[in-house]
Amino acid sequence: MSTHRSVSFTGIRFENPFLLSSAPPTESESNILRAFEAGWAGVVTKTIGLHPVVNVVGAKAKFMRTSPEDAYVSMKKRPGAALHSSWNWELISDKTLDWWLPRLRRIKEAFPERALIASIMAGSGNDKELKNWQRLAGDCQDAGVDGLELNFSCPHMDRRDMGSNIGKDQGLCSVVTEAVKEVARVPVWCKLTPATADIEVEAAACFRGGADAIVSSNTFPSLPLIDPDTLEFEINVDGLVSSGGLGGPAILPLSLAKMAQMTQAFPDRSFSGIGGIADFRQALSYILLGCGTVQVCTAAMLDQAVGPNVIQRLLAGLDAFLEAHAADGWTGIEDFRGLRRDRIVSQSAIRRPDAADYHSGYEVAEGYAPQQASMSP
Ligand SMILES: Cc1cc2nc3c(=O)[nH]c(=O)nc-3n(C[C@H](O)[C@H](O)[C@H](O)COP(=O)(O)O)c2cc1C
């Protein structure tokens, strides 16, 4: 293991900054063991809850591809089409807490040097639900996990006090984080939904509750496309569909924008970036915006379920990048983390051919003189 790859994130030591996110690649003991063998420094388990879930009939996740000649986006497999996104309406783990606990213990025993983070989720509407968060947190940490990730972001929960419905309510973000922090002896990360207007509001609420890091993005709310021949949604059960989540390449720029909002608002806090990462180039964007770790789902699902080639590409990319910047004296990700965070500014601060002609969208006042104050970011 090369030391230049290692990072310390919220006090947890990772052999490299690359993790598998909470999703099918981390839904079982065998997958997680295979992931660690392949070289992932950490995994976030598929979200564990107290109420058993039952998934829909048929496919829980599909991939959309786009054809270069006409930009047709569809789940239909066809030659020459490139990956556009993943779409899913899978719920949290369908395994119980009791199923998970001995497995968490065994995984940690087999790979004590790798980081095992438990993703957990309960409701938030009453004290009983807050106690459920505490029970999940307590039991998982007693089983030996290194950290907890609170799922405030699942986009397809019916319950008004669960999943992304928590992440859309700054009050609930604070209350739940605080409840977990009361019992937590390990770092607590909050995974936020990108489906809010100003994500730094919910990030601030989590930090007020004591969060050690923010994780983003979960999938973006979305619908599958309607087949032009059958007029049916490309994924449906008895003709019906409900809102699901978009992941993969299509969400990379969207997720970067959400992340930048937060890293700019809280430059000294810890962030883990997710969304559309398949190799080091995409991971680099998140790191340059200030993320200390990144997580991968869609690319890993498409690569033997746990991404053995993806992690090798990420590691090789990081090594090559550091080598290329050896003359700059860069020896690890702390040397370039956040380097481009301050390059995102307001429109008015961007150079234009004639600054005197641009008034930030305002009417030209008589005797108008460009206001320097509003030009600064
Ligand atoms: C089929 C599927 C199931 C998922 N389940 C969970 C989950 O249980 N908990 C969670 O926090 N995120 C879940 N996610 C979201 C991913 O962890 C990740 O945030 C998202 O897919 C964006 O990353 P990507 O672009 O690398 O796919 C799931 C994603 C997919 C595709």
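**Pockets, strand pairing and a covered helix**

The largest pocket is lined by 41 residues, with S22, A23, N218, T219 and C297 lying nearest its centre. A pocket here is an open set of points on a 1 Å grid over the protein atoms alone, where a 1.4 Å probe fits and protein lies on both sides within 12 Å along at least five of seven lines; lining residues have an atom within 4 Å of a point. The elements giving two or more residues to this lining are β8 (82-88), β10 (147-152), β16 (293-296) and α9 (298-301). Helices (H or I, at least four residues) and strands (E, at least two) are DSSP runs numbered from the N terminus. The model is a predicted one: local features need pLDDT of at least 70 and side-chain atom pairs count only at pLDDT 80 or more, while totals for chains, interfaces and linings use all residues. Numbering starts from 1 along each chain as its sequence is written, and side-chain values use heavy atoms, leaving out hydrogens and water.

The lining of the largest pocket splits into 18 nonpolar, 18 polar and five charged residues. For the second largest pocket, the lining has seven nonpolar, four polar and one charged, and its residues include W89, L91, H156 and D158. In this scheme Ala, Val, Leu, Ile, Met, Phe, Trp, Tyr, Cys and Pro are nonpolar, Asp, Glu, Lys and Arg charged, and the others, Gly among them, polar.

Strand β8 runs antiparallel to β14 (residues 244-247), joined by three bridges; pairing takes at least two DSSP bridges. Within that pair, S86 sits opposite G247. β14 also pairs with β13 (residues 220-222), again antiparallel and over three bridges, with F220 opposite L246.

N88 belongs to β8. N88 counts as buried because its relative accessibility is 16%, the cut-off being under 20% relative accessible area (1.4 Å probe, protein chains only). Beyond its neighbours within four places in sequence, N88 is in contact (heavy atoms within 4.5 Å) with K60, A61, H156, T219, G244 and G245.

Then there is α8 (residues 280-288), mostly covered, with seven of its nine residues buried. The cover over those buried residues includes β3 (18-20), α7 (252-265), β15 (271-274), β16 and α10 (308-324). After α8 comes G290, with a positive phi near 125 degrees.

Methods
Buried means under 20% relative accessible area, exposed over 50%, partly exposed in between (1.4 Å probe, protein chains only).
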